[in-house]
Amino acid sequence: MLKKGIYENIINQRMEREIRTAETENLVCVREEIDNTEAPQMLADYLAKAIRQKLQETEDLQDRMAIINRILTEYGLIEDVQITDTSNLLMEVMTQEKNLLQQNSRSETIRPQSGFRVSNLFTGGNSALSLGEEIRREIASADEIYFIVSFLKVSGLRLLLEDLKKFCEREGTRLRIITTTYCGATQGKAIEQLSQLPHTEIRISYQTEIERLHAKAYIFVRNSGMHTAYIGSSNLSKSAQTDGLEWNMRVTSVENPHIIKTALATFDMYWNSPNFEDFRIGGIRKFNEELQRNSFREKADSLVYQRFSLLPHQKKILDRLKVEREERQNFRNLIVAATGTGKTVISAFDYLTFRRQAVQENRKSRILFTAHREEILRQSLKTYRSVLQDTNFGSLWVGNYQPQSAEDYGHLFVSISMFNSRFEQLFAQLPPDYYDYIVIDEAHHSQADSYRKLLSHFHPRLLIGLTATPERMDGKDLRPDFGGRISAEIRLPQALQAGLLTPFQYLCIADDTDLSDESLWSGQRYITERLADKLCLPERAGHIVEALHRYLADEYTCRALCFCVNKRHADFMAEQFQRYGFNARSLTSDTPQPQRKQLAEDLRNSRIHYLCVVDIFNEGVDIPEVDTVLFLRPTESLTIFLQQLGRGLRLSPGKTELTVLDFVAQANQQYDFAGKFRALSLRPEKNIIQQITDGFTFLPAGCSIIMEKVAREHILNNIQQAIYNKSRLIKEINTYHQLPTLTQFLENNGQDIRILYTQNKCWTSLKRAAGRISYQDTPTTRRLEKGMGNLVHHNTSSFLHFVKDFTQGSKEYLNKKNLSYTTMFYYDLYQERIDKTEFKDAGMYKALDILHEEEYRYFKQEIEEIVSYRLENLEITTSPLGDTVLPGIELYGCYTREEIFTLTGRQTENRRMQGSVSGVFTLPEYNTTLLFVTLNKSDKDFSPSTQYDDYIINKDYFHWQSKNTDAHNNAGGQIYTRQPEKHNKIVLFVREEKKDGFGNTTPFHCFGLVDYVSSHGNFPMNIT
C-alpha cells in the first residue's frame, strides 16, 4: 500500500494497482510527465534494478550470462556488447615487461580494497577502511590525479609523499593540485615539496576576497575509464587522513558517472579561472607573502604590481563601450559599477586598447586622470602601470607629488583641486584637444563647480566617467556630460556571482500595514507624506523591533542602514529604536555636513548601530562595514532600491554576509515586487512566480531570499495582479493618450521586449486588440503577426542596418550580394518557403515589397521600432567569420538554426530545411562542421545526468561531448582528432536552453571557429 509522501517512481503494473487502491481511499496521486532528457538515465536505472533482481534469483553464472545476451540480442543491440567470456572480468592491460617483472617478483598491481565499481562512505575514526591507506592505493593505480583542498599540511603530505613521488616518476602521469592561502592554513613547505615533483602543477587562490576555497576532493583518473573520487571534509593533514572524525564519500565512474563528470568539470573550470594562479609565477616567495597577509599579519608596503586579467563582467563592460563608440558614435562614456568591482581596472584596459590603436595610427595617446583624493590617484596609477606592464608610466600631481619633466604632463594623474589651482597658469593654455583620453573618477562629483572648467575646456577623443552612484542628493544629472546616457554598467547579480560583493541573506518580513489604498498612490509612486502617516506608528515600530530580535545574530552590535520614506519617518524610527534600547540616529539631507561625516564615522566604528536615512544615503559616503540593511518603506524606484542594497554589499574584513530585512506590507497593485526580485537573479527572464515557489534557484552564489508566509502571500498576490499577459498589456496601452513607440512602452513599464512576442502576439496586434489601430485580418497579416517576433533576437549590426535601410526605402535588398540577408528577412517574416504562401506566383521580393504598401504600414512601423530598439540595446559588437569560413555568419551573432542554414545557402526561397537537425551538421562545400550545443538539455532548469556533457571551461576552452557513435578510431571521431592535420573547419554554436523564460525557442550564439585540443573516452568522446 502506498504511504503518503514524496515519490519519483516509474509507474509499472504493480505501482498502477497501488495507485488505484490509494485513490479509492480518497488519496490523490500526482503524476508528472517524464523529462525527455532525463528519461534515458531514469529508464536505464529502472531496467538495471529489474535485471539485477532477476539475476539474483538465477544461481548459475552461465545462466545469468545467457539472460543478458538474450536481452541484448532481442532488442537489436550491436554484437560488440554481447558477453563472450562468461567466467572472467578484464582486470588490467599491461606491457610484456611489467607482466614479466610481476611474475618473477610474485607481485600484483596495487588496487583499492574498495574496488572500482562500488561507492562507499569513509567516516574516520574506527572506520573499517583507512582513508589514507585507500588513497595511497588509488595513487598506485591512477594515470592522472587531481587534488583540490583548502589547506595542505606537511603532516598530511608526509603520509602520501613517497607514493606521489613514485606516481610522478611514471611516464605519462599528471598531478594537478588546487589550494588557497585563505585563512593562512596551508604550509609553504608542503607546497614547495609538491612543486618539486615531476609532472606536477599547482594553482593557488590568492584572491581570497573573491574565492574562499573550502572544497576537499581527491580525484583519480584512469585511462581505462575506471575513475574514482573522494569528496568530503578531509584536507591534506594527518588528522584528516587518519583518526579525525571526517566524513568522505568515495564515488566511482561505474556507479556515479554524473558525479565524477561534475567533479572533473568543476576542477577544470577552477584550473582555467584567472582567480587561480600558477604557483610557478610568483614561486614560494609570493606564496609566503600572501600566506602572511591571510594570517592577518602586517604586510610590508612594497611596490609589487598586481597581475591583472579581465574578469567576465569587466569584459562585458568593454564590449558595451565598443558598441557605444562604433554603433552610436558616443565617445563620452559613463560607466556605473559598484565599488569594489574594478572600475579603474576597466578604464585601464580600455586605455590599453586606445593606446595600441594610437600607435598603429601614429598619433598621441595623452591621458588625464582626475580624482578628488590622493589615495585614489595613487592606487589608480598603480593599476594603470600594472595593466600596461610599464612601471614608469604616468605621473602624480597631488600633495607632495608633481611632474618632473615636460613629458610627465602627457600622462597625468591629478587631483581636481590641483587642476583648478593651476588651471589659468597651465591647463587653460593647453589646446582643447591636448589630452586624447580623460578619466573622471568618482564621476558623481563631476557636477560640482570644480569640474566644470575641465569639462568646458578640454575635448578629448574619449571621455570616461567612473561612478558607483550616478544619482546625486542634489538631483543634478550626470548624463548630459556623457552623451545623455549610461554607456555601461555592471549588473549586481553578476558582481555577486564573481565574488566582488558580499553575499546577501534577504528576509521578507510580514508587515500588517495596509498600503494598498489608491489614495496613497499618484502616478508611478506613493505620495510621500501620506505614506509617512501610515508608517510612523509606534505599533509598527514595535513589530520591526520584534523582527530584529528574531532574525539578527546580535541586534545590539550590528551596523545597520535603515531606509525611510522622508525626514519625519527617519527621525521617528531613530527615536523609536532608542526607546527600545538601541543606539540609533537619523541622517537626512538637512543634516549639516560635519555632522554627516561624524555619523558615518560613528556607524563605521560601531559607536552607533542603526542609522536611519532617506533615499540613497548621502552620495560619496561609503561604509563597507555595514552588515545590515532595513527597508522600512516600499521603494518604487528599482535604481534606488539597488543602490540602497548596494550600500551594504561592499566587501569588508570579517564580514561574511549582508542581512537584509524588507518589511513587506499589502502594497498598491501598481507597486512592482517582481522587478526587485528579477534584478537580484542571474536569470531575470525566468518566471518570477515559479522562482518564488521554487525558492529562488537562480540567485548568485551564497545569496538567499527567505519569505515569511504572509509576506510571501502579499508578494504573490501583487505579482499575479501585475502579470503582463495579453489583457494587462492591452490595459497598459490604453493608459496612453498618444500611442507610445515600442521603446517608450518597454522603458516606461520596465519590461523585456520578448513579453510582447509570446503566443504569436506582436506590438501591432496588441495595439489592434486595444482598439487603437485597425487593419484587415488576412493570411498575410496573420503571417506578419507571427513573424515580427522572429526579428527580436537579432544582434548583428549589419543585418539590423540592412532591415533599417529596407524600411527607409533602400533597394539594396534586391542586390544579389544581399541575397542571404534578403532570404533570412523573408523567412523571419513569413516562416514558409515561397510556394507555400500566397506569394508563390509573385516571389520573395514581392512578399517583402508589400510592406511599403499602405495596408501594411503598421507592420513596417513595427519593424522600424524593433530594429531601433535592438540597435539601441546592443551589448556586443559582432564581426564576420569571413566568406572562406561561413559567409554571412558573424562571431557572437545570435541565430536560429534555420537562419544559419539560410546564410550558408542551404535554405533558399524555394527550399526549406525542415525536420529535426542533429547537433552536428557538415557543410562539405565549406569543409566545415557545425556544432549545435544546448547547455541545459532538459526541459527543467537542472539535469543531473547531462549537466556537464557540454560546458564552457573559460573564455578560451569549451568541453563538448560528441555523438554516441563517435570514437577515436572511426571516421566520426577523426573529424575532430585529425583536424590539426586535415585543416577542416569546426564552428561552434551555443545556447543556454531550448526555450527562454517566455516560452520562445532560444536561438544560438556563434562562438566561432574552434580548434581541437584533446579528447578522451569513446561512444561518446569528451572533447576540448
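In what order do the 5 strands of the open sheet with mixed pairing stand? The legends below answer this question and then turn to other views.

**Figure 1. The chain as a whole.** This is a predicted model, in which local features need pLDDT of at least 70 and side-chain atom pairs count only at pLDDT 80 or more, while totals for chains, interfaces and linings use all residues. Residues are numbered from 1 along each chain as its sequence is written, and side-chain values use heavy atoms, with hydrogens and water left out. The secondary structure of the chain comprises 35 helices and 35 strands; helices (H or I, at least four residues) and strands (E, at least two) are DSSP runs numbered from the N terminus. Along its principal axes, the C-alpha trace spans about 95 × 80 × 75 Å. Of the 1024 residues, 50% are buried, where buried means under 20% relative accessible area, exposed over 50%, and partly exposed in between (1.4 Å probe, protein chains only). Among contacts (heavy atoms within 4.5 Å) between residues at least 6 apart in sequence, 71% join residues at least 24 apart.

Figure 2. The strands stand in the order 27-33-32-29-28, with mixed pairing. Strand 27 (894–895) and strand 28 (920–923) are at the edges and have a single partner strand each, so one side of each is left without a neighbour in the sheet. Two strands are said to pair if DSSP finds at least two bridges between them. Strand 28 pairs with strand 29 (residues 928–936) in the antiparallel sense, over 4 bridges. Thr929 in strand 29 is the bridge partner of Thr922.

Figure 3. Strand 30 and strand 31 (residues 958–961) run antiparallel and are joined by 2 bridges. Within this pair, Phe958 in strand 31 stands opposite Ile952.

**Figure 4. The two sides of helix 2.** Helix 2 (residues 39–57) has 19 residues and reaches 27 Å from its first C-alpha to its last, close to the 27 Å expected at 1.5 Å a residue. The expected span is 1.5 Å times one less than the number of residues. Ala39, Ile51 and Leu55 are buried in helix 2. They lie on the same side of helix 2 because they cover an arc of only 115 degrees around the axis; the arc is that of the directions from the helix axis to the C-beta atoms. Helix 3 (61–74) is included in what covers the buried residues of helix 2. Gln56 and Glu57, on the other side of helix 2, are exposed.

Figure 5. The structure holds 50 salt bridges, each a side-chain nitrogen of Lys or Arg within 4 Å of a carboxyl oxygen of Asp or Glu. Side chains of opposite charge can pair when their charged atoms come close. One of the salt bridges joins the side chains of Asp571 and Lys567 (3.0 Å, N to O). These residues are 4 apart in helix 19 (residues 567–579), and about one helical turn separates them. Asp571 is partly exposed at 29% relative accessibility, and Lys567 is partly exposed at 38%.

**Figure 6. Salt bridges between distant parts of the chain.** The side chains of Arg683 and Glu992 meet in a salt bridge (3.9 Å, N to O). This pair links distant parts of the chain, 309 residues apart: Arg683 is in the loop between helix 22 (673–679) and helix 23 (688–694), and Glu992 is in strand 32 (residues 985–993). Arg683 is buried, with a relative accessible area of 15%, whereas Glu992 is partly exposed at 42% relative accessibility. A further salt bridge joins the side chains of Arg912 and Glu898 (2.8 Å, N to O). Arg912 lies in the loop between helix 33 (897–903) and strand 28, and Glu898 lies in helix 33, 14 residues apart.
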